[in-house]
Amino acid sequence: MSPFPVILSSPSGGGKTTIAKQLLQRRSDVGYSVSCTTRLPRSGEVDGKDYYFLSIGEMLAARERGEFAESAEVHGKMYGTLRREVERVLGAGKHVLMDIDVQGAQQFVKAFPRSVLVFVLPPSVNVLMTRLKARKSETNEALRVRLHSALNELRAIGSYDYVVVNDNLERAVEVVSSIIDAEVHRRERVDGIDEQVQELVDELTREIDKRSEG
Ligand code: 5GP
């Protein structure tokens with residue numbers, strides 16, 4: 001089985017970043033693709049770990065050089081997934097977990113069609129608002145922009161493979177983890193499945209022939 005990308009999207013405040021962090025702690029077969037962004041670091045965020053924090057010029061130059069598997073403007077800032085980040089994690093034999101927005105996800109699957117798309121739904125608008133307001137860095141204007149994007153994100157749910165309602169963090173992490181386990185066994189991902197089945201078919205045919213001869 002080859003490792004595959006797992007995309008988590010949700011409206012801002014949906015809880016996907018927390019789910020991603022927990023999954024990474026629990027599963028050694030999952031790695032994280034660190035995105036680039038032009039937004040400023042929030043307190044506690046580390047360059048190269050949470051994001052690569054780039055200037056607009058650096059971001060545009062990297063895009064010009066074709067370094068991104070996808071890039072998009074989210075809440076008025078630029079974000080992008082570096083091809084080399086994705087290849088680094090896949091090359092280490094791990095599924096690559098990404099926390100990207102819906103426009104980015106749609107571009108990304110064109111470059112990596114074997115990706116699994118998971119949409120994380122907040123259980124209610126109340127919960128979403130509470131989570132958003134808890135981010136002290138959000139100004140009123142930033143909050144308004146995020147609520148607007150939340151609407152657009154919800155409308156894109158039709159292009160996702162799975163939906164996980166995040167009303168209980170522990171449970172949501174378990175569900176995403178089960179999705180990864182199930183996807184490992186998806187027929188198209190099982191290496192050598194055609195040859196394996198052909199061998200069984202050949203052997204069974206010989207058994208049937210033997211019996212019809214007797
Ligand atoms: P935040 O600024 O709160 O960390 O993230 C804001 C939004 O940008 C989230 O919806 C997050 O999923 C999205 N995002 C983070 N990294 C990327 C990326 O590399 N590409 C795209 N398209 N969106 C991203």
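Here are a few friendly notes on the ligand and its pocket in this predicted model.

1. First, the ground rules. In this predicted model, local features need pLDDT of at least 70 and side-chain atom pairs count only at pLDDT 80 or more, while totals for chains, interfaces and linings use all residues. Residues are numbered from 1 along each chain as its sequence is written, and side-chain values use heavy atoms, with hydrogens and water left out.

2. The largest pocket has a volume of about 940 Å³. A pocket here is an open set of points on a 1 Å grid over the protein atoms alone, where a 1.4 Å probe fits, with protein on both sides within 12 Å along at least five of seven lines; the volume is the space filled by probe spheres set on the points. Its lining (residues with an atom within 4 Å of a point) has 40 residues, and those closest to the centre are Thr17, Tyr32, Arg39, Tyr51 and Asp99.

3. Which helix or strand gives the most to that lining? It is α1, with 7 residues. Helices are DSSP runs (H or I) of at least four residues, and strands are E runs of at least two.

4. The ligand takes up the space of the largest pocket, a match that requires more than half of its atoms to lie within 2 Å of the grid points. Around the ligand are 18 residues, the closest being Ser35, Arg39, Tyr51, Tyr79 and Asp101; each has a heavy atom within 4 Å of the ligand.

5. For polar contacts (N or O pairs within 3.5 Å), a ligand nitrogen is 2.7 Å from a side-chain N or O atom of Glu70. Ligand oxygen atoms lie 2.5 Å from a polar side-chain atom of Tyr79 and 3.4 Å from a side-chain N or O atom of Lys16.

Definitions and conventions
Polar contact = N/O pair within 3.5 Å; in protein donor to acceptor, adjacent residues only side chain to side chain.
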